[in-house]
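Open your viewer and switch to the cartoon view. We'll go through this one stop by stop.

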Amino acid sequence: MILVIFGATQVSIDQPLAQIQICIEEGYDIFVILSDLAEKIFQIDEIRNVCGIDRVITDSEVADLNFFLNGFCLTVIAVLSQAMSSKMVLGVADTPSVFLPIQALARGDRVTAVSTQTPKKTSRLMESKSVHPQLLDLGI
């Protein structure tokens with residue numbers, strides 16, 4: 001089972017959705033969590049059309065974390081925002097979409113992330129504040 005997390009940024013989710021579709025077609029069981037802010041940015045119905053209505057929830061809809069704490073074979077942060085990156089580095093696990101990857105790392109599970117920062121979109125200020133090296137140190 002693969003846990004896919006969407007953080008909130010202003011990027012297209014077409015490529016992550018296409019990759020999720022391929023994984024589903026290859027037989028992988030996918031579960032998706034969107035940060036509450038990501039729900040306001042992305043079309044959740046578009047994600048549910050790919051993954052299934054019962055496979056996509058938001059942070060505020062998570063009623064019981066025990067389901068997620070048993071682990072997934074892989075946790076993918078499909079849309080990694082600067083805010084989510086910073087929270088993970090600082091250990092600020094204030095939402096399920098940040099808490100679950102941190103817990104996966106603590107268990108020794110594999111966590112991978114796709115950064116939304118590109119050199120063309122990244123200002124010098126954001127570049128100097130990048131936490132990507134620290135994320136690599138965490139094992140992401």
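In what order do the elements of the protein chain run from the N terminus on? Follow the cartoon and you'll read β-α-β-α-α-β-α-β-α-α-β-α-α, with 8 helices and 5 strands in the protein chain. Helices (H or I, at least four residues) and strands (E, at least two) are DSSP runs, numbered from the N terminus. Before you click further: this is a predicted model, where local features need pLDDT of at least 70 and side-chain atom pairs pLDDT 80 or more, while totals for chains, interfaces and linings use all residues. Residues count from 1 along each chain as its sequence is written, and side-chain values use heavy atoms, leaving out hydrogens and water.

Now select residues 74-80, strand β4. Of its 7 residues, 7 are buried (under 20% relative accessible area; exposed is over 50%, partly exposed in between, with a 1.4 Å probe and protein chains only). Look for L3, opposite T75 in β4.

Next, show the side chains of D29 and R55, which meet in a salt bridge at 3.2 Å, N to O (a Lys or Arg side-chain nitrogen within 4 Å of an Asp or Glu carboxyl oxygen). D29 sits in the loop between α1 and β2, and R55 in the loop between α3 and β3, so the pair ties together parts 26 residues apart in sequence. D29 is partly exposed at 34%, and R55 is partly exposed at 22%.

Last stop: pick D94 and K87, another salt bridge, at 3.1 Å, N to O. K87 is partly exposed, at 26% relative accessible area.

Terms used. Pairing = 2+ DSSP bridges.
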